[in-house]
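Biologist: Could you walk me through this one? I would like to begin with a single side chain and its surroundings, and then move on to other parts.

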Amino acid sequence: HLNDNRLRIFDVHAFDCLENLTSLLLTDNEFRSLDGRVLQNLTNLNYIYFSWFHLCRAAMHVRVCEPHGDGISSTYHLLDNPILRGSVWVMASIAIVGNLLVLLGRYLYKTRSNVEHSLYLRHLAASDFLMGIYLAIIACADINFRGEYIVYEEFWRHSALCAFSGFLSTFSCQSSTLLLTLVTYDRLMSVMNPLQTRDSGRKRMVVRLLVLWSISFVLAAAPLFPFDYFGRHFYGTNGVCLSLHIHDPYAKGWEYSAVLFICINTFSLVFILISYVRMLQAIRDSGSGMRSTISGRESVVATRFAIIITTDCACWLPIIVVKLAALSGGCSISPALYAWLAVLVLPVNSALNPILYTLTTAVFKQQLRRYLLAVPTCSFIMGERLNHTQLACESAMSTSLGHFSSNKSNSERKRYSQRRLSYV
């Protein structure tokens, strides 16, 4: 039993005189790598126990080597859970296809109104697209190493492709977080001051985006430089090349990881939550006393805001809580939970942002309706539906306008409220 002895390195001849050894316990020590020659003379060794499963590569001849995995990877597979493997492909496909649709749609159908907001959403789609590329790389690596991952485990974690994947993941996460904050700020200003002419100067927008992308790039690229603070392979501490570091919360560069996943995410989440509450309150105040059409749109907006806030919380809050719990050391984090957080929860915003901010908006639906009307087989069906919808809307609008035609102030409030609703 050599557990908990703060062992950092072994001489290659350390066990030469112990040929009859059958069991070896090496858990809770400080070494993170082991030369295969150290154990090669232990021909009768049947059981060996490490703190890290990747050390089993030095004991391939031993019948039982534990642990078998770290929750994400095992000695056989990079992604050990079959459901996790399928989920990675699904999330990668949604993130890539969804964000490509947003980029193509907003490039082909440029709007003259709300140019700044549309530009921000295009950059958000580009950021989330990078997360889809990261997931696709991990999914392909899993297929490539399937069944014999332990043989290539160290090669993969220390490879340039793993470092690039970690960079992509961090770059996408940080730029997406900052862009969501910027999009929320833009919406807040539009809703709080709907009648104010906004300066949509291209120079100001470009400067904002340049600063945001530069900050994200520097944060993601810093661990790639040969700084002793980050160690040799900061992104290579796990098979999915993430800098989350829940399994070893106080590894080299842990303060950097905490700033990324706790401080920045918490600030953005609180800001977004407060901003949407203020926007909803402003819309309700401006539409108080009005009937059907405005109040109905308020309900739609309220539902939309609730979904946006819920998805942001579903993505960021579990990561913040688990990261804090890991740093506190007060509770043990399940390896399975870490796997789902790293591979499924972290990228959820990248998959849902295209749906929330573009694919379900009124403008996109209108453009899609126009496209379908241009197709001969769809024009008749869509035309019939539009006629019924148009008649219903005109009837409701005429009733609403008739109710408010005698009151000029109510008319102004309605216009004010409609301007606010148009931004969201």
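Biologist: Which backbone oxygen does the side chain of His54 reach?
Modeller: In this predicted model, the side chain of His54 comes to 2.9 Å from the backbone oxygen of Arg32. His54 itself belongs to the loop between strand E2 (47-49) and strand E3 (64-66).

Biologist: And is His54 buried or exposed?
Modeller: His54 has a relative accessible area of 15%, and because anything under 20% is classed as buried, His54 counts as buried.

Biologist: What else does His54 touch?
Modeller: Leaving aside residues up to four places away in sequence, His54 touches Arg32, Ile150, Glu153 and Arg157.

Biologist: Which residues does Met60 touch, with the close sequence neighbours left out?
Modeller: With residues up to four places away in sequence not counted, Met60 touches Ile150 and Val151, and Ile150 is also among the residues that His54 touches. Met60 lies in the loop between E2 and E3, and with a relative accessible area of 52% it is exposed. Its C-alpha is 8.7 Å from that of Gly36, although 24 residues separate Met60 and Gly36 in sequence.

Biologist: How far apart are the end C-alpha atoms of helix H4, and what span should its 33 residues give?
Modeller: Helix H4 covers residues 160-192, and at 1.5 Å a residue its 33 residues should span 48 Å, so the 47 Å between its end C-alpha atoms agrees with that expectation. Of those 33 residues, 25 are buried, so H4 is largely enclosed by the rest of the structure.

Biologist: Aromatics next: how many aromatic pairs does the structure hold?
Modeller: There are 20 aromatic pairs in the structure. One of them joins Phe230 and Phe234 in an edge-to-face arrangement, at 5.3 Å centre to centre and with 80° between the planes.

Biologist: Are Phe230 and Phe234 buried or exposed?
Modeller: Phe230 is buried at a relative accessible area of 8%, and Phe234 is buried as well, at 2%.

Biologist: Which aromatic cluster are they in?
Modeller: Phe230 and Phe234 belong to one aromatic cluster together with Phe225, Phe227, Tyr229, Tyr235 and Tyr256.

Key: Residues numbered from 1 in each chain as written. Predicted model: local features only at pLDDT ≥ 70, side-chain atom pairs only at ≥ 80, totals over all residues. Heavy atoms only, no water. Helix = DSSP H or I, 4+ residues; strand = E, 2+ residues; numbered from the N terminus. Expected span 1.5 Å × (residues − 1). Buried < 20%, exposed > 50% of the residue type's maximum accessible area, 1.4 Å probe, protein only. Phe/Tyr/Trp six-rings, centres within 6.5 Å; stacked < 30°, edge-to-face > 60°. Polar contact = N/O pair within 3.5 Å; in protein donor to acceptor, adjacent residues only side chain to side chain. Contact = heavy atoms within 4.5 Å.
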